[in-house]
Amino acid sequence: WTASNSWFTSMLLAGQLAVVIAAAAAAMIFLVLRPIKETSDRLHGLDAASGRRLSVPEGHERTEVGRLVADINQLTGRLVETLDHERSLRRRQEVDQRKYQDLFDNAGSGIFVADRDGVLDSYNRAFVELTWLPDREAAPGRLTDTQWQEPEQLLSLLRTCLDNAAGREFQEGDFLLLGRRGDERWLHVAVVPLGDGSAQGTVTDVTQRKHEEISARRLAVTDPLTGFANRAGLHALVDLKPGAMPFALVMVDLDGFKQINDALGFQVGDELLLGVAARLRKMLAAPDHAARIGSDEFVLVLAGEQDRDK
C-alpha cells in the first residue's frame with residue numbers, strides 16, 4: 001500500500017503541475033503573447049507619417065500592453081510633429097532659394113563667387129554681360145578669362161580679401177576691361193570673403209564716372225585753348241627725382257600780345273595763340289612736351305641732352 005499510494009500521489013501531483021503549466025501557458029498566450037503579436041502586426045502596417053495611431057488590444061486598456069501602445073502612439077505623435085516641422089522648413093527653404101535665385105539671376109549688378117586663384121564657382125547673367133565673358137553657357141572658368149588690362153591687380157584684390165577673411169572686410173577697386181573691338185569698359189569690383197576659402201564679388205559698370213574723373217583730371221592740368229599742359233600740368237611733366245632723365249626748359253613769350261587783344265579782340269588773339277601752338281608742336285620730338293603757363297607765355301620741356309636748331 002505504501003508504494004502504490006506514493007505512486008498515486010506522484011501522478012496526482014504531476015497532473016496538477018501539468019494543469020498549472022498549461023493554464024500558465026494559456027494565460028501567457030492569451031494575455032501577453034497574443035496582444036503583443038496583434039500590436040506588432042498593426043505596428044508593421046502603420047503609416048506613422050500619416051498620423052495614424054495604434055489601437056489598444058481589447059481588454060488591455062489598463063495593462064502593460066496598453067501602456068506600451070500608448071507610449072508608441074506618443075512617440076509616433078512626436079515623429080509626425082517633427083516631420084511636419086521639417087516639411088515646413090523645407091518648403092520655406094525652397095521659397096527662399098527661389099527668391100535668392102531670382103535676385104541672383106536678375107540683379108542689375110554682376111555677381112560671382114570665386115576662389116583665390118580666380119576660379120569661378122558661379123555667376124549671374126549680368127556678370128556675363130558686364131565682363132564680356134566668352135561663353136555664358138560654358139562651365140565657369142576664371143575671373144581673368146576676359147581681357148582685363150591689369151589681371152594680376154584684380155587677383156591681388158581677391159587674395160587680399162581672402163587673406164583678411166577673419167575681419168570680413170570687403171576690398172574694392174576700379175579695373176579697365178578691354179573689348180575685342182577695341183572698346184573699353186571700367187568696372188568697379190567689390191569682394192567679400194564667404195568663410196569657406198572663396199569670396200563673393202559684385203561688378204558694376206562705372207565707365208561714365210571713370211571717364212568723367214579722367215576728363216576732370218585732364219582739364220585740371222590742360223590748357224583748354226591749345227591742348228598743352230597748364231601751369232599745374234607743367235609741374236607733373238617736370239620730374240625732379242634723382243636719376244630722372246635730364247631735360248631743358250625753353251621759355252617762349254609773345255611780345256605785344258596784349259595790344260593785339262585790345263586792338264583786334266580776343267577771338268583774333270586766340271587764333272594767334274593757336275597758330276603759335278601749332279608751330280611749337282611741330283618743333284617737338286616724341287618725348288618733348290609743351291605748356292602754356294600764362295596768357296602769352298609758353299614753356300617747352302625738351303627731354304634728354306638737347307642740341308637742336310630752332
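**Close-up 1. Aromatic pairs, and the pair of F112 and F127.** The structure holds four aromatic pairs, where rings of Phe, Tyr and Trp (its six-membered ring) count as paired if their centres lie within 6.5 Å. One of them joins F112 and F127, with 5.3 Å centre to centre and 40° between the planes, and is tilted, a class that lies between stacked (planes under 30 degrees apart) and edge-to-face (over 60). Because F112 lies in strand 1 (residues 110-115) and F127 in helix 3 (residues 125-131), this pair ties together parts that are 15 residues apart in sequence; helices (H or I, at least four residues) and strands (E, at least two) are DSSP runs, numbered from the N terminus. Both F112 and F127 are buried, that is, under 20% relative accessible area, whereas exposed means over 50% and partly exposed in between (1.4 Å probe, protein chains only). Ring pairs also link F112, Y123 and F127 into a cluster.

This is a predicted model, in which local features need pLDDT of at least 70 and side-chain atom pairs count only at pLDDT 80 or more, while totals for chains, interfaces and linings use all residues. Residues are numbered from 1 along each chain as its sequence is written, and side-chain values use heavy atoms, with hydrogens and water left out.

**Close-up 2. The nonpolar core around F112 and V189.** The largest nonpolar core has 22 residues, and those with the most contacts inside it are F112 and V189; such a core is a set of buried Ala, Val, Leu, Ile, Met, Phe, Trp, Tyr and Cys residues joined through side-chain atoms within 4.5 Å. Among the elements that give two or more residues to this core are strand 1, strand 2 (120-123), helix 3 and strand 4 (184-193). Helix 4 gives the most, with five residues. In soluble globular proteins, nonpolar side chains tend to be buried together.

**Close-up 3. The pair of F228 and F298.** The rings of F228 and F298 form an edge-to-face aromatic pair, 6.2 Å centre to centre and with 85° between the planes. F228 lies in the loop between helix 5 (207-220) and helix 6 (231-237) and F298 in strand 8 (residues 297-303), so the pair ties together parts that are 70 residues apart in sequence. F228 counts as buried because its relative accessibility is 5%, and F298 is buried with a relative accessible area of 1%.

**Close-up 4. A charge over the ring of W186.** The charged end of K210 sits over the ring of W186, 4.9 Å from its centre, where the rule asks for NZ of Lys or CZ of Arg within 6 Å of the ring centre and within 35 degrees of the ring normal.
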